[in-house]
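Here is a short briefing on one protein model. Look over the sequence and the structure, then read the points below.

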Amino acid sequence: MKPSKAQLKEKIIIATLECIEKKGIQSVTVRDIAEKAGINLASVNYYFGSKEALLEEALKYSLYSTLTQNYEEIAQAYSEPRSMMKAFFTDLFHGSLQWPNLTRSHIYGPITDNNYHGVFVDWLNEIAEKLTAKVKTLHTGAIDGVTLKLTIAQMLYTVFLWGIMPDLFNQFLGFDFRDHQIQEQFIDLLLDRYLGTDTTSSIHE
């Protein structure tokens with residue numbers, strides 16, 4: 001059966017993400033994408049109009065189904081806020097490790113040309129607002145609104161950047177952040193320290 005337009009577009013998007021991961025966003029060409037997807041060059045332009053539009057749509061797609069799961073799906077799966085946040089941060093950490101070049105592509109604009117208007121920035125701020133609303137339901141003491149927002153921003157920043165550079169402190173720490181047990185302990189420790197919850201964790205060598 002002939003694939004639908006939506007199926008063909010998704011096939012091209014997935015091929016684009018795989019090419020980004022292999023070559024980096026600055027080195028990917030439309031020809032690379034077309035060859036990976038098994039289509040002709042004209043089809044890419046027909047469905048997306050330009051390489052820039054395709055890259056933008058592909059990066060947006062990755063934020064909801066590749067780099068991370070859809071936030072709403074995670075939120076629905078966990079009724080307790082701390083468990084939901086742990087699941088989300090763990091998923092984000094794993095996605096960053098699995099797709100390092102794709103993850104770097106999301107921060108390419110902010111880092112290289114001070115552009116804070118892309119799909120990743122919009123998504124990150126949207127997620128920060130949703131996580132803030134979740135944390136308000138936790139027992140966090142007399143934390144004010146500004147402090148709470150800074151807390152959420154710090155946690156997102158920490159998890160995302162550590163996922164990009166997991167080996168940065170290997171010599172200092174003496175353990176590997178690619179170890180799933182270390183990742184879980186790291187997320188628990190992060191939530192304990194920032195949210196003041198009672199399930200204090202420690203990371204052991």
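Where is the place of L191? L191 sits in helix α12, residues 180-195. Helices (H or I, at least four residues) are DSSP runs, numbered from the N terminus.

This is a predicted model, in which local features need pLDDT of at least 70, side-chain atom pairs count only at pLDDT 80 or more, and totals for chains, interfaces and linings use all residues. Residues are numbered from 1 along each chain as its sequence is written, and side-chain values use heavy atoms, with hydrogens and water left out.

- L191 is buried, with a relative accessible area of 0%. Buried means under 20% relative accessible area, exposed means over 50%, and partly exposed is in between (1.4 Å probe, protein chains only).
- L191 and K36 are 155 residues apart along the chain. Their C-alpha atoms are separated by 40 Å.
- T16 belongs to helix α1. T16 is buried too, at a relative accessible area of 0%.
- Leaving aside residues up to four places away in sequence, T16 touches I33, L54, L55 and A58. Contact means heavy atoms within 4.5 Å.

**How α1 meets α3**

- Two packed helices are described by the angle between their axes and the distance between the axes.
- Helix α1 covers residues 5-23 and helix α3 covers residues 41-48. Their axes come within 11 Å and cross at roughly 115 degrees.
- Axes are lines fitted to C-alpha atoms, for helices over the stretch in contact, and angles run from 0 to 180 degrees between N-to-C directions.
- Angles of 65 to 115 degrees count as roughly perpendicular, under 35 as roughly parallel, over 145 as roughly antiparallel, and the rest as oblique.
- The crossing of α1 past α3 is left-handed. That term applies if the near helix is turned anticlockwise from the far one by less than a right angle, while clockwise gives right-handed.
- On the α1 side, K5, L8, K9, I12 and I13 take part. They meet S43, Y47 and F48 in α3.
- The residues of this contact of α1 with α3 divide into five nonpolar, one polar and two charged. Ala, Val, Leu, Ile, Met, Phe, Trp, Tyr, Cys and Pro count as nonpolar, Asp, Glu, Lys and Arg as charged, and the others, Gly among them, as polar.

**The two faces of α3**

- S43, V44, Y47 and F48 are the buried residues of α3. They cover an arc of only 105 degrees around the axis, so they lie on the same side of α3. The arc is that of the directions from the helix axis to the C-beta atoms.
- These buried residues pack against α1, α2 (30-37) and α4 (51-65).
- The face turned away from the buried side of α3 carries the exposed residues A42 and Y46.

**How α4 meets α9**

- The axes of α4 and α9 come within 9 Å and cross at roughly 25 degrees. That makes α4 roughly parallel to α9.
- α4 passes α9 in a right-handed crossing.
- E56, L59, K60, L63 and Y64 in α4 meet V119, F120, W123 and E126 in α9. The residues of this contact divide into six nonpolar, no polar and three charged.

**A loop residue**

- N114 lies in the loop between α8 (108-113) and α9 (119-135).
- N114 is exposed, with a relative accessible area of 57%.
- Phi of N114 is near 60 degrees, a positive value in a residue other than glycine.
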